[in-house]
Amino acid sequence: MNREARTEALLQINTTYRRFMIGSSVVIFVSALYFMMHTTYSGVIAVVSLIPTLFFEWKQTVLYLRFNDDWTYRRLIKQQFSLLVFTFILLFSLIALFLTGQIHPDVLMWAVVIGAPPSVLLPLWIDRKLLKLDPEHVTSNMLAKANREKLKRRLDGIND
């Protein structure tokens, strides 16, 4: 499958995801308003709001796995998703510990400061390795650029 076909398939998931996120955002917003007086619930709702993103990434991972049968390629795709799940669980655990008073706010801040760069840079490094393995691989930057172009074409069509 060439890069254009892969990009179109991934953009289709992005379109579906966008609709799903709008619906879940409304539910999360209403829940947050309801529980606004309880800081514990508000913090948990903020973290739980990341679950739709996790679902979207899983759907995207399944699609990426269909693109190439190479064992190394598939392993790296799975590692990229595992890294995302690990980051989500770690973030959820840190916020839960903070909200229950088990850790000090400074510890939470330092954990985020130390943990943020690897959680951002490792997926970029994995994308670079995937591109070397499969020249037709669609990196996250390519996908974001294609999504912006698609939205720009759609807005240009609305303005005309």
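## Second largest pocket

About 260 Å³ of space lies in the second largest pocket. The model behind this value is predicted. H4 and H5 are the elements that give two or more residues to the lining of this pocket. H5 gives the most, with seven residues.

The lining of the second largest pocket counts 13 residues. Thr87, Leu90, Gly115, Ala116 and Ser119 lie nearest the pocket centre. By residue class, the lining divides into ten nonpolar, three polar and no charged.

## Largest pocket

The largest pocket has a volume of about 630 Å³. Its lining holds 24 residues. Closest to the centre are Glu57, Gln60, Gln80, Leu84 and Pro123.

Four helices each supply at least two lining residues of the largest pocket: H3 (51-67), H4 (71-99), H5 (105-133) and H6 (140-159). The largest share, eight residues, comes from H4. Sorted by class, the lining of the largest pocket has 13 nonpolar, nine polar and two charged residues.

## How H4 packs on H5

Two packed helices are described by the angle between their axes and the distance between the axes. For H4 and H5, the angle is about 170 degrees. Their axes lie 10 Å apart. An angle over 145 degrees counts as roughly antiparallel, so H4 and H5 are roughly antiparallel to each other.

On the H4 side, the contact is made by Thr72, Tyr73, Leu76, Ile77, Gln79, Gln80, Leu83, Thr87, Leu94 and Phe98. On the H5 side, the partners are Pro105, Leu108, Ala111, Ser119, Leu122, Pro123, Ile126, Asp127, Lys129, Leu130 and Leu133. The residues of this contact divide into 14 nonpolar, five polar and two charged.

## Aspartate 134

Where does aspartate 134 sit? Its place is in the loop between H5 and H6. Buried means under 20% relative accessible area. At 8% relative accessibility, aspartate 134 therefore counts as buried.

Leaving out residues up to four places away in sequence, aspartate 134 touches Arg6, Asn68 and Tyr73.

## Asparagine 147

Asparagine 147 is in helix H6. Its relative accessibility is 18%, so asparagine 147 counts as buried.

Which residues does asparagine 147 touch, not counting residues up to four places away in sequence? They are Leu11, Asn14 and Arg18. Threonine 15 is 132 residues apart from asparagine 147 along the chain. The C-alpha atoms of threonine 15 and asparagine 147 are separated by 9.2 Å.

## The chain as a whole

The secondary structure comes to six helices and zero strands. Read along the sequence, the pattern is α-α-α-α-α-α. The C-alpha trace spans about 50 × 45 × 20 Å along its principal axes.

The protein chain has 160 residues, and buried residues make up 27% of them. Aspartate 134 and asparagine 147 both count as buried. Take the contacts with a separation of 6 or more: residues 24 or more positions apart account for 73% of them.

Technical notes. Residues numbered from 1 in each chain as written. Predicted model: local features only at pLDDT ≥ 70, side-chain atom pairs only at ≥ 80, totals over all residues. Heavy atoms only, no water. 1 Å grid on protein atoms, 1.4 Å probe; cavity = no way out; pocket = protein on both sides within 12 Å on 5 of 7 lines; lining within 4 Å. Points joined across faces, edges and corners; volume = space filled by probe spheres on them. Nonpolar A, V, L, I, M, F, W, Y, C, P; charged D, E, K, R; others polar. Axes fitted to C-alpha atoms, helices over the stretch in contact; angles between N-to-C directions. Parallel < 35°, antiparallel > 145°, perpendicular 65-115°, else oblique. Contact = heavy atoms within 4.5 Å. Buried < 20%, exposed > 50% of the residue type's maximum accessible area, 1.4 Å probe, protein only.
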